[in-house]
Amino acid sequence: MREKWHIRAVFPGSTASKKCVADLVRICPEGNLGKCFGVGLFRDDPRLELLLQRLRADGLQADPSRNGLGYFPVGIHRHYSRKDLDDSVLLDFEPTRIATQVADISDSGQVSVSASKPKTSLNIFALDMDVTAVTQEVKEQMLAAGLQHVTFDPVLVTGKGSEEWQGKIWQLSSDLKLPKLAPKCKLVYPGRGGGPFDGDYSRWVMVEEDFYSPVLFHYRASDLVNMETFDLACPFERMTDSPHERYLIASQRFYRFCRDRGYRLSWWPVCIDPD
């Protein structure tokens with residue numbers, strides 16, 4: 001795994017001074033964005049430490065989101081090699097393409113979308129941030145492969161031309177839940193009214209890792225030892241805004257199934273920690 005640091009220093013009126021920005025550009029010319037500075041460098045690039053030193057010399061502090069006086073935004077993106085992914089027992093993933101936005105999710109969990117050009121040629125795709133869908137063809141391939149605890153919920157297609165798509169788009173899901181995340185994971189309630197996790201698992205939560213993306217899920221090895229064999233499973237925690245959306249964790253076999261067929265997904269490891 002390699003870490004790529006994304007740094008921004010904004011001028012005027014917020015963070016870095018004009019002289020500071022000029023110094024940053026001398027260290028890393030490709031970060032010159034006119035009146036501000038922004039660049040992404042891998043952690044082993046010697047220029048990264050020079051940039052951080054120069055920003056800190058002005059008394060500025062790194063922050064994952066704040067861009068006001070005294071701060072400079074930093075985001076650290078984790079990049080994984082093919083070997084990193086091949087060696088992972090469990091993996092997190094998301095589609096790289098959104099085919100169409102979810103129009104509605106009913107109280108019973110029925111996902112409906114507009115018939116306006118759903119791109120079923122994408123095979124596996126997002127209907128929004130937390131609804132992963134597959135075509136009928138992919139569904140049949142997964143069933144034929146005997147993937148375990150992989151389920152499919154029908155997606156209702158509405159509007160003009162809906163007849164063409166009915167029964168051809170399925171929400172990817174699972175009928176199995178994982179144990180609770182390891183205490184190492186810092187859970188928070190997102191959005192307005194959010195805050196630190198207080199033990200209420202009925203609410204939407206997310207894992208917070210300050211500067212890092214993607215965030216990593218951690219499980220204790222002892223908590224997984226009695227799990228059934230599975231290829232997809234849902235976290236115990238509610239990781240989505242709607243309780244009917246499905247956040248999914250995949251097995252190595254599911255990852256290889258998708259990789260070997262060229263499905264366009266972003267993958268990163270799930271950590272299994274010794275007790």
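This is a predicted model: local features need pLDDT of at least 70, side-chain atom pairs count only at pLDDT 80 or more; totals for chains, interfaces and linings use all residues.

Trainee: In which sense do S5 and S19 pair, parallel or antiparallel?

Mentor: Strands (E, at least two residues) and helices (H or I, at least four) are DSSP runs, numbered from the N terminus. Two strands pair if DSSP finds at least two bridges between them. S5 (residues 90-95) and S19 have five bridges, and their sense is antiparallel.

Trainee: Why is S19 described as largely enclosed?

Mentor: Buried means under 20% relative accessible area, exposed over 50%, and partly exposed in between (1.4 Å probe, protein chains only). S19 spans residues 265-269. The rest of the structure largely encloses this strand because its buried residues number four of the five.

Trainee: Which residues touch the most other members of the largest nonpolar core?

Mentor: A nonpolar core is a set of buried Ala, Val, Leu, Ile, Met, Phe, Trp, Tyr and Cys residues joined through side-chain atoms within 4.5 Å. The largest one has 23 residues. Those touching the most other members are Phe93, Met142, Leu172, Phe254 and Trp267.

Trainee: Which element gives this core its largest share?

Mentor: Two or more residues each come from S5, helix H4 (136-145), strand S11 (169-173), helix H6 (252-260) and S19. The largest share is four residues, and it comes from H6.

Trainee: What does Phe254 touch, not counting residues up to four places away in sequence?

Mentor: Contact means heavy atoms within 4.5 Å. On that basis, Phe254 touches Phe93, Met142, Leu147, Leu172, Asp231, Leu232 and Trp267.

Trainee: How many residues are in the second core?

Mentor: This core is separate. Leu90, Tyr247, Trp268 and Cys271 are among its members, and the count is 21 residues.

Trainee: How far apart are the end C-alpha atoms of H2?

Mentor: The expected span of a helix is 1.5 Å times one less than its number of residues. H2 (residues 46-57) has twelve residues and should span 16 Å. The distance in the model agrees with that: 17 Å.

Trainee: How wide an arc do the buried residues of H2 cover?

Mentor: The buried residues of H2 are Leu48, Leu51, Leu52, Arg54 and Leu55. The arc is that of the directions from the helix axis to the C-beta atoms. They lie on the same side of H2 because their arc is only 160°.

Trainee: Which exposed residues does the opposite face of H2 carry?

Mentor: The buried residues pack against strand S1 (2-9), helix H1 (18-27), strand S2 (37-42) and strand S4 (71-79). The face turned away from the buried side carries the exposed residues Pro46 and Ala57.

Trainee: Which residue caps the N-terminal end of H2?

Mentor: Look for a polar contact: a pair of N or O atoms within 3.5 Å; within protein, one must be able to donate a hydrogen and the other to accept it, and residues adjacent in sequence count only if both atoms are side-chain atoms. Here a side-chain oxygen lies 2.9 Å from the backbone nitrogen of Arg47. The capping residue is Asp45.

Trainee: Which strands stand at the edges of the three-strand open sheet?

Mentor: The order is S13-S12-S14, with antiparallel pairing. Each edge strand has a single partner strand, so one side of each is left without a neighbour in the sheet. The edge strands are S13 (195-196) and S14 (206-207).

Trainee: What is the bridge partner of Leu187 in S14?

Mentor: S12 (residues 187-189) and S14 pair over two bridges. The partner of Leu187 is Val207.

Trainee: What separates the C-alpha atoms of Cys185 and Tyr219?

Mentor: Cys185 lies in the loop between S11 and S12. Cys185 counts as buried because its relative accessibility is 9%. Along the chain, Cys185 and Tyr219 are 34 residues apart, but their C-alpha separation is 8.7 Å.

Conventions. Residues are numbered from 1 along each chain as its sequence is written. Side-chain values use heavy atoms; hydrogens and water are left out.
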